[in-house]
Amino acid sequence: MIAEYVMVGGFLGAGKTTALLRLADCFSSQGRRVGLITNDQSQGLVDTSMVNARGYPVEEITGGCFCCRFNSLTDAADRLTRDARPDVFLAEPVGSCTDLRATVQYPLRRLYGDDYRVAPLSVLVDPMRARRVLGLETGRTFSPKVQYIYEKQLEEADIVVINKSDLLSAEQRDGLEQALKARLPQAGVVTVSARTGANLDGWFGRLSGPLASRASMDVDYDEYAEGEALLGWLNATYRVSSTQPFDGNRLLQRIADRVQQQLADRGTEIAHFKMTLSPDTGNDLAVLNLVRTDGRAEIPHRLAEHLNDGELIVNLRAEDDPAQLRAVAVPALEGVARDMTVGVKVEHIEHFRPGRPEPTHRMAMP
Ligand SMILES: Nc1nc2c(ncn2[C@@H]2O[C@H](COP(=O)(O)OP(=O)(O)OP(=O)(O)O)[C@@H](O)[C@H]2O)c(=O)[nH]1
Ligand SMILES: [Mg+2]
């Protein structure tokens, strides 16, 4: 049987994981089996921990984006097929990645067309970020080379999905929809909230259509590589423990507040700062996210109870030197833990800039 392959792209923090979990729920409720594929430059992913917590089968592709590790993508799909036989694969590419039509969608269709029906390419946007990139609102944003990637992501979309509609006034929503439609006449534009569920059916309904057969876009790989290299990545996994039960939500909030303040002082633009805290006992999970330096850290999933021991995963992506991100985040985290008399022990930590994108395949035509 031919499986669906649905990829949802979009910049860091746009809401891809949240939306894919919604999509997974939607397909599951129709009796279809789903398998998720998460992707990042490195291991220790908040996203995988979130998907696992929801009980969906997931494969994590690390060490580069889908386009540069195309064979890992099909291997991951094969492993999922062996273990869970999904009818639908839901794939989340790295949020700093573009040119997915030419490097993933067309190669999948051409080389594996008997195995997968490739759905149209959705590109999710955070409306506040999009308003700044498109000049509809002033405020902090990324430097031009990072914005180049953002704009290329939009350009290749079949469906631009304005997410987080719950944060928009009607006027803001209309203004953003019009600006995107004017700029991207070939794309459909749909506005949803992955959080509240508003208009998700309007988007999901479009996924059963075909992948548009148009020439892939021109991409200046030097500019793309330079844009990616301006972004710093920090991934860390800690064991946390305390003799007294402590408030895990508060630990996350205080770490985020301290890191945010210090990065704001440095003038660093945060793309996505996310953390999960999973207690060793039970199935609960706390998740914290911050998607702009002048945004508000939020905890969409809170722990119901205090904990003694658990695992803390930290993923920080921001426009800054990764060594500086580490030099800010590690002492901030350790300082907060000390203040709360929580012991922290690092299990894995790395900081880096994404390497130059070198796609396995690139097909200019469908
Ligand atoms: N208000 C609001 N917040 C949302 C919505 N969808 C997602 N978010 C929040 O946006 C933040 C980022 O969501 P993620 O789903 O982790 O975003 P992502 O695109 O997967 O991020 P990366 O994997 O880092 O690129 C989280 O705080 C989500 O709870 C929405 O519809 N409304
Ligand atoms: Mg994600």
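## A tour from salt bridges to ligands

Begin by selecting Asp 222 and Arg 356, whose side chains meet in a salt bridge with 3.0 Å from N to O; a salt bridge here is a side-chain nitrogen of Lys or Arg within 4 Å of a carboxyl oxygen of Asp or Glu. This pair links distant parts of the chain, with Asp 222 in helix 9 (residues 221-229) and Arg 356 in the segment after strand 14 (343-352), 134 residues apart. Helices (H or I, at least four residues) and strands (E, at least two) are DSSP runs, numbered from the N terminus. Asp 222 counts as partly exposed because its relative accessible area is 42%, and Arg 356 is likewise partly exposed at 42%; buried means under 20% relative accessible area, exposed over 50%, and partly exposed in between, with a 1.4 Å probe and protein chains only.

Before moving on, note that this is a predicted model, in which local features need pLDDT of at least 70 and side-chain atom pairs count only at pLDDT 80 or more, while totals for chains, interfaces and linings use all residues. Residues are numbered from 1 along each chain as its sequence is written, chains are lettered from A and ligands numbered from 1 in the order in which they are written, and side-chain values use heavy atoms, with hydrogens and water left out.

Next, select Arg 129 and Glu 269, which form a salt bridge whose closest N and O atoms are 2.9 Å apart. Arg 129 lies in helix 5 (residues 127-133) and Glu 269 in strand 10 (residues 269-279), so that the pair links distant parts of the chain, 140 residues apart. Arg 129 is buried, with a relative accessible area of 4%, and Glu 269 is buried at 4%.

Then go to Glu 4 and Arg 117, a salt bridge with its closest N and O atoms 3.0 Å apart, which joins strand 1 (residues 3-10) to strand 5 (residues 116-118). Glu 4 counts as buried at 17% relative accessibility, whereas Arg 117 is partly exposed at 24%. The structure holds 29 salt bridges, and a network of them that can be selected together links Arg 131, Arg 132, Glu 137, Arg 292 and Asp 294.

Thr 38 counts as buried because its relative accessibility is 3%.

Finally, display ligand 1, which is surrounded by 22 residues, the closest being Lys 16, Thr 18, Asp 166, Arg 195 and His 272; a residue is near a molecule if one of its heavy atoms lies within 4 Å of it. An oxygen atom of ligand 1 is 3.1 Å from an N or O atom in the side chain of Asn 289, and one is 3.0 Å from an N or O atom in the side chain of Glu 298. Taken alone, ligand 1 exposes 660 Å², of which the protein buries 96%, with accessible areas from the Shrake-Rupley method and a 1.4 Å probe.

Conventions: A polar contact is a pair of N or O atoms within 3.5 Å; within protein, one must be able to donate a hydrogen and the other to accept it, and residues adjacent in sequence count only if both atoms are side-chain atoms.
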